[in-house]
Structures are given as structure tokens and as C-alpha cells.
Amino acid sequence: MDLSWNKLQGQVPFDLSLMKNLRYLSLAGNHLNGTIPTTFSLLTSLRCLELSWNSFSGEIPQGLINLSNLTVLLLNNSKLTGNIPSKLSNATLLTNCDISLDNMSRQFFLGGKKMICSNVLRNHFLPVATLASVPSGEETQDSVAYPAVSGSKNSRKGFSSVELALIVSVSAIVGILLCLVILFYYIKRKTPNSRNHVSVSSVRKEIVVFKNIGVPLTYEGVVEATGNFNGSHCIGYGGFGATYKAEVAPGTIVAVKRLTLERYQGIPQFDAEVGILGRIKHPNLITLIGYHASEAEMFLIYNFLSGGNLEQFIQKRSERAIDWRVLPKIALNVASALAYLHDHCNPRVLHRDIKPSNVLLDDEYNACLSDFGLSRLLGISETHATTSVAGTYGYIAPEYALTGRVSEKTDVYSYGVMLLELLSDKKALDPSFSSYGNGFTIVSWALMLLESGHEKEFFTSGLWEAAPQNHLVDILKLALGCSAEIKSTRPAMRQVVNILRRFQPPPG
């Protein structure tokens, strides 16, 4: 079960402890708080437990020592205090450990040898066996007595014949693997392939620039402006990678999307595909300024919009007075961008991941669509069924989820869901829908209210009173038409643009 980096909040639910056969559990990178549940001790089949990068408080539960099958334990970058359980070494299979405490260093024993886990261990998957041992005689108040096991350094001198045989065998295996690695790289260097030009780019660290922004863009300058891709510069996460804010010169700020390298290695014609994206120009599409591609690093450079994304706008609009006319303006901007991608690009571009977090705003609430064309870089066929579905749950069209086949109508469905979110105070898969049963979404909720004559309850607070109600109902019907279950009944994005233009209020 991998629930990492999903912005989850609150305490860990007790029900997780009922999954007795669970072997892998990752809750890393969320906003979970409270204490680590003591009931985790019931997960005796667990082999990997990753709880790092959260806000857990209190001590490490003593019950974790019962997890005898545990091989990986990551608790770093939380707010844990107190002692490391002294019998944690009972988990004899534990080979990877990263623990940080807001307290002093703690000592424990591993294999009869007293070990120390420093109060902050930054490296992920840090081998426990490399933790610095405490010199003999330097006992502290946290030391715990633990008998030396047979075969430890304190119990006898030298190595047994079994140990010597094991050492020789491991050394031989390591030697063979090393030879294979050297042979692999030798063959790779001698074999011509389509990525040779990328390798040169990696050495030269070049940046291909599509638009002059008045300052030179260098690999070193961009990386330095992101703090070497430091988390403090990160302004968003997505399925393709993280985005960083970078001031490449005084007063000149760009957005740098660092691509998840594993997803792009071995993809042919990467430069050609990015070149196509670099030629796409539209006032409501984020501008691709340039890119860097090598076997070691890939990132795209975009213009930076200071208004944040639409997801943040929806979450925070109750905190400030916003003119109702901003909503149809944003809706039209995004629709115009999609219509351009579908009808005016050659080859056409299908977005496949329309959602509020991929819509960026400037200070005047002009909207620009981001992440367009990135699914194309994955080499996913646009005309055949795919083995995996790109996109985000709640925004994926039913036929795409079922068959893996995409079309312009796939984007239209996602746009309709996004428009419903823009009009209401609900998310696509809002927790409040759970009372209606499984499979109930914002589309189901909007249909229910419209058909029962309670459409007023759909709109965000104050919107029904501030805007022309007939306009609001018509836009709601348009959103539901876009998110219709049968794709043939959905309008094309150019039709959506024409409809929304009729709803644009006069300036003033």
C-alpha cells in the first residue's frame, strides 16, 4: 500500500492495523500528525514501513520490535522524540533504517555490538550496519545491556571456517558483478544509438532555448537558482515531476519542471517531441522557454505565474472577495487553450490530465494551462489501448479508464469535472460524497441537485446571490454536458468556447 505524497492530513486510521498480511506500507510525504499507532505491532507480515516526512510526535512505539520480518524502517524528517526502542535489533532482517529524533543521540545494540544512531540521519536507506559504533568504555545513560551473541567480536577472536567461506563467496560475487558492470558500460559506449547526442548534452550541460527572456540561461545558473532542486523552492508536485521557482537573474523568475527521469529513459526522439511543444504558442498556454535533456537530468523551463494554481484559488476563495465574473473568465481561458491544442496543433495535442492544479493564474486571474504535451513524451499511443492510464482519479473519462483509448472527448470530460469544481465548493472526489455510496462523484452530486430542483445548493457560497442565476444554471448544464458518461454526447472544445463567450459579462 503506497499512499505517499498525497497531502493526507490527520491521524493514521486504526483500520490500517487490521491488514494483517500487509507487507509494504508507505505514508511518507504527507501531513499526518499524532503519534505512530501502537497497533502497527499487529502487522507482523510487514517488511517495509515508511513514515518519513510527516508531523508525527511522541516516541517510537515499543511494539515495533515485534515486527520480526521488517527489513526497511524509515522514520526520518518527522517530529519524533524520546528513545529508540532498545530491542529494535530483534528485527533481525532489518537492513535499511533512517531515524531522526528531536532528542539527543540514542544508543542501541545490533548483533551484540553497541551501535549509535545519530539524532539526524539524512540519507534514505542508510544501512544500519554502517552506524558508528560507540568506543568501548563510553557508556551513556541511554545504554542498554544486551548479551553478546555467539560469534561476536567480543566472544572469540578470528573467523570460523564458515565465516571465511562466506567472505570468499561474497567477494567473488561482488567481483563478478563489478566485471559485468564494467563490460556493460564498455559495450554501451561502443554501440551507436539514438541517444548519443543526449550524452554529449549531458557533458556540455546545454540548455535549448525557444524564447529569449533577456537573460542567458545556463545549466549551472538554473540549477543554482533552484537551490540545487531544494524542497524550499518547490511550488508543486505532479505525475511528471516536481516544479521549482527559480530566480535566474534579479527580477527574472521562471518555473522549472524537473522530470522524473525513470519515466523518460530510453524514449526515442525526445528532443523532437519537446521541439514540437516549444513551437506551440497561445495566450492561455504556459510558455515553454527551454529545456535540458541528458542521461543524468531532464527539466523544462516555463514562464512563472505569480497567482498560483486554480486548486489553491478554489481552496482560498472564501478568504477574499472575488468578483463572480472571474469564474467564467477562467473557464473560457482554459477552454480556449484546449480548443487550440485539439484543433490548431499539428500534430494535435491531447492533454490527458486536466485538473485545477494544472491551471495557473496570474495576478489578474488570467488562466494558463500547464503540463500540456507531457503525456506525449511518454510515448503513449493516441490511437491504441495502453497498458496504463495517464491522468488523475476523479477526472478520468469512463471510456478511457475502461479501455485505455483516448480522444479529444477524454479531455472534454476532465474539463467538465474541473468546471464543476470551479463553480462549487467541492472536489471531484469530495469526502462528503462517501455517505452516498461508492462511485459517487461531483458529477453525480451535480446531476442529483439539478434534477431535484436544488441547483442553488451546488454553487459556492455567495455565488448564487451575486451572479445572474440563469447564467449559472446554463454553465452548470454545460459542465454536466462535458462530463457526460457517453462520449459522443459531449461537445467539442470549440463548441464549449462559443457557448462560454455568450456568458462573458461586459467589462465594468
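Me: Which residues of helix α10 are buried?
Reply: In this predicted model, Ile442, Val443, Trp445, Ala446 and Leu449 are buried in α10, residues 442–451. Buried means under 20% relative accessible area, exposed over 50%, partly exposed in between (1.4 Å probe, protein chains only). Helices (H or I, at least four residues) and strands (E, at least two) are DSSP runs, numbered from the N terminus.

Me: Why are they on the same side of α10?
Reply: Because they cover an arc of only 160° around the axis. The arc is that of the directions from the helix axis to the C-beta atoms.

Me: What covers them?
Reply: The cover includes α9 (408–423) and α12 (469–482). Contact here means heavy atoms within 4.5 Å.

Me: And what follows α10?
Reply: Glycine 453, with a positive phi near 80°.

Me: Switching to α13. Which residues are buried there?
Reply: Met493, Val496, Val497 and Leu500, in a helix spanning 493–502. They fall within an arc of 100° seen down the axis, so they line one face of α13.

Me: Which residues are exposed on the other side of α13?
Reply: Arg501 and Arg502.

Me: What covers the buried residues of α13?
Reply: α6 (326–343), α9 and α12 are among the elements that do.

Me: Where is the annotated transmembrane region?
Reply: The unreviewed UniProt entry puts it at residues 164–187. That stretch is 100% helix and 0% strand in the model, with end C-alpha atoms 35 Å apart. UniProt positions use the numbering here, feature names are shortened, and annotations may be inferred rather than shown by experiment.

Me: What are the ground rules?
Reply: Residues are numbered from 1 along each chain as its sequence is written. Local features need pLDDT of at least 70, side-chain atom pairs count only at pLDDT 80 or more, totals for chains, interfaces and linings use all residues, and side-chain values use heavy atoms, leaving out hydrogens and water.
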